[in-house]
Amino acid sequence: MKAIKFLLPGIIFGIVMTKSEAISWFRIQEMFRFESFHMYGIIGTAVTLGFILVFVIKKLGLNNMRGDQIKFLPKTKSIARYLIGGTIFGLGWAMTGACPGPLFTLLGHGILSILLVIGSAILGTYAYGLLREKLPH
Amino acid sequence: MSVLEFISQPWHWSVSGIGIVFVMFLLLWFGGEFGVSSNLRTLCAIGGAGSHCDFFNFNWRDQIWNLLFVSGAIIGGYIAVNYLGSPDPVQISEATQAYLYTVGINTPQNIEEGRAYVPNEIFGIENILNPRNLFLLIAGGFFIGFGTRYAGGCTSGHAISGLANMQFPSLIAVIGFFIGGLTMTWLLLPLILTL
């Protein structure tokens, strides 16, 4: 099973999310209250370095390990879906103090109540799939 | 100070940013991409939602890497908290602590009181049947799952990958994240927490 290697970036991600404290409900409150630079520092560093990474990969036309060129698909142009969907996600992010990655890392911490959040997040995605045709995009 | 003690300290935000981009690089190198919320759609597809909904009717075996990534995120969390745990709780700003105190949330001051990852008043297993907490966790989770798929990504896919690739739609999504997050934090959460 070739996909098994994806465990490695996942493990590093879980450690980074924990040690960076980005999984802390308190840190998310602090961020939305603009009372600490911490979260903005993490996201700002990641976006800046990520920008350089994407730029270099595109410029050099680098391949992934399978030999296929690494492509960055442009997102479809629209306002409604990003603004409305983003706002709904933002409400949930501030309520639970977690976004989809940290949800799983917190489970690794043994915080069992997070299973309720994961379960309802799956249900939310399912509900979106059912309603998708009726929603403005 | 041993190496283990050194990395057990809380990491500076810049180190964390570097770590995230290293993860992004590994995912791209392995033939994936840095976008976590897709796993929720994959889980729906594995659960059989594709039989009655086209949105979930795709070959989920191609997306298995995404589930391995989040499985790794669980393992990483376990390792970090059990073997690399900080000696002190997360150091939250005084202003946030003072505000949270007024809405009944205590910030742990020492490790015996907790690590300050999640407030016990909401996430503590003994408090789980409190209707307010059930609402926060279940409605909050639903909004996360619904909103990320509607917007086509979450913090990783839009705020980091999308902005790094200068995608205007991702900027709109991040503005949305903040409209929702600020509304909840400043207007709704103070009401919900003091119910």
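**Aromatic contacts and a helix pair**

User: Is A:Trp93 buried or exposed?
Analyst: Keep in mind that this is a predicted model. A:Trp93 has a relative accessible area of 3%. Anything under 20% counts as buried, so A:Trp93 is buried.

User: Which kind of aromatic pair do A:Trp93 and B:Phe177 form?
Analyst: A search of the whole structure turns up 22 aromatic pairs over all chains. For A:Trp93 and B:Phe177, the ring centres sit 6.3 Å apart, with 90 degrees between the planes. Planes over 60 degrees apart count as edge-to-face, so this pair is edge-to-face.

User: Which helix of chain B does the pair reach when it crosses between chains?
Analyst: On the chain A side, A:Trp93 belongs to helix 4 (residues 80–96). B:Phe177 lies in chain B's helix 9 (residues 168–193).

User: Which ring does A:Arg33 lie over?
Analyst: Two arginines are worth a look here. B:Arg41 is over the face of B:Phe55, 3.8 Å from the ring centre. A:Arg33 sits 3.5 Å from its ring centre, and that ring belongs to B:Tyr99.

User: How many nonpolar residues make the contact of helix 5 of chain A with helix 6 of chain A?
Analyst: These two helices pack at about 145 degrees with axes 9 Å apart, in a left-handed crossing. No polar and no charged residues take part, and the nonpolar count is 9.

Key
Residues numbered from 1 in each chain as written. Chains lettered and ligands numbered in written order. Predicted model: local features only at pLDDT ≥ 70, side-chain atom pairs only at ≥ 80, totals over all residues. Heavy atoms only, no water. Phe/Tyr/Trp six-rings, centres within 6.5 Å; stacked < 30°, edge-to-face > 60°. Helix = DSSP H or I, 4+ residues; strand = E, 2+ residues; numbered from the N terminus. Buried < 20%, exposed > 50% of the residue type's maximum accessible area, 1.4 Å probe, protein only. Lys NZ or Arg CZ within 6 Å of the ring centre and 35° of its normal. Axes fitted to C-alpha atoms, helices over the stretch in contact; angles between N-to-C directions. Left-handed = near helix turned anticlockwise from the far one by under 90°. Nonpolar A, V, L, I, M, F, W, Y, C, P; charged D, E, K, R; others polar.
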